[in-house]
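Subject: Structure for your review

Dear colleague,

Please find the sequence and the structure below.

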Amino acid sequence: MDGEVRVPALQNGGAQTWEGGGTSERGGVEGYPNCPPGYPSNPPEATGEKADTMKKPTRRPGVKPPPDRAKRSIYLFRLKNPIRQLFIKITEAKWFEIIILLTIMGTCISLAVFTPLPNGDTNSTNDFLEEIEIIFTVIFTTECAMRIVALGFIAHPTAYLRNSWNILDFTIVMIGMVSEVLAILQIEGFDVKALRAFRVLRPLRLISGVPSLQIVMNAILMAIIPLINIALLVLFVIIIYSIIGL
């Protein structure tokens, strides 16, 4: 019209679209010649796909996903239980980790200062350290109980005892509790000092409190395992030469 030439660009089932836009003689919509007038230019399938993609939650980069926790802790505490929620907040707090690390350092110092004396003798320093030992045992036992309630005991994959370092902590705490109970009961014929000797394992709890130390210890252990075969070979050679020397 008015001297303008329109060239058909596409023909599909009798419907044509024209270069520069416009509809065909059958009243199709631009880009969709078979659609009746008034039909939306975007197909419903595409619109539905866009809506689905918009509904999907997107996680911001750098934000950690929520941890997978047991629905019930020791078959009593649900995730929404206020006591469990409180223990989760406390055990995941930075100040709580600092307190536990300071307590572990304190018990290491007490072990270094303690002076064993023969025949059951003692002095004022040892008596003071024995009183402090009760405080350390209470702190470690409370921490263990709070972590068990927060994480679960053993059933869930993320439970407390599913971590090998937590197994070490739990063993040390149980030995400390049993030794304190036996010291109070004063059972005849049972030497409590034999159990107290396991206090030397408490400095190992420092490893469980520092993740970087865990990585180093795991690397050392993985390196030691292949060396066991070499150690057995060296021992075998030493035994052979010892027999020859006889």
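This is a predicted model: local features need pLDDT of at least 70, side-chain atom pairs count only at pLDDT 80 or more; totals for chains, interfaces and linings use all residues.

Nonpolar core

The largest nonpolar core consists of 14 residues. Within this core, the residues with the most contacts are F96, F140, C144, I148, Y160 and F170. Two or more residues come from each of α3 (94-113), α4 and α5, and α4 gives the most, namely 5 residues. As general background, nonpolar side chains in soluble globular proteins tend to be buried together.

When neighbours within four places in sequence are set aside, F140 is in contact with T103, I104, T107, V173, R202 and R205.

Aromatic pairs

There are 2 aromatic pairs in the structure. One of them joins W95 and F96: the ring centres are 6.1 Å apart and the planes stand at 90°, so this pair is edge-to-face. F96 has a relative accessibility of 9% and therefore counts as buried, the limit being under 20%.

F153 and F170 also form an edge-to-face pair, with 5.8 Å from centre to centre and 70° between the planes. This pair links distant parts of the chain, as F153 belongs to the loop between α4 (124-151) and α5 (164-185), while F170 is in helix α5, and 17 residues separate them. F153 is partly exposed, because its relative accessibility is 31%.

Individual positions in the helices

Apart from neighbours within four places in sequence, the contacts of D169 are Y160, R205 and S208. Y160 is also among the core residues with the most contacts, and R205 is also in contact with F140.

L101 is located in helix α3. A relative accessibility of 22% is the reason that L101 counts as partly exposed. With neighbours within four places in sequence left aside, L101 is in contact with L206, G209 and V210.

Nonpolar surface patch

Which residues make the nonpolar surface patch of about 1,000 Å²? The patch is made by V216, I220, L221, M222, I224, I225, I228, L232, L235, I239 and I243. L221 is part of helix α8, which covers residues 211-245. With 42% relative accessibility, L221 counts as partly exposed.

Backbone angles

I74 is not a glycine, yet its phi is positive, at about 45°. The relative accessible area of I74 is 33%, so I74 is partly exposed. Y75 likewise has a positive phi in a residue other than glycine, with a value near 60°. Y75 counts as exposed, because its relative accessibility is 68% and the limit is over 50%.

With kind regards

Terms used. Residues are numbered from 1 along each chain as its sequence is written. Side-chain values use heavy atoms; hydrogens and water are left out. Rings of Phe, Tyr and Trp (its six-membered ring) pair if their centres lie within 6.5 Å; planes under 30 degrees apart count as stacked, over 60 as edge-to-face and the rest as tilted. Buried means under 20% relative accessible area, exposed over 50%, partly exposed in between (1.4 Å probe, protein chains only). Helices (H or I, at least four residues) and strands (E, at least two) are DSSP runs, numbered from the N terminus. A nonpolar core is a set of buried Ala, Val, Leu, Ile, Met, Phe, Trp, Tyr and Cys residues joined through side-chain atoms within 4.5 Å. Contact means heavy atoms within 4.5 Å. Patches are made of residues with over 30% relative accessible area and no salt bridge: like charges are joined within 9 Å, nonpolar side chains (Val, Leu, Ile, Met, Phe, Trp, Tyr) within 5 Å. Accessible areas come from the Shrake-Rupley method with a 1.4 Å probe; for residues, only the protein chains shown count as cover. A salt bridge is a side-chain nitrogen of Lys or Arg within 4 Å of a carboxyl oxygen of Asp or Glu.
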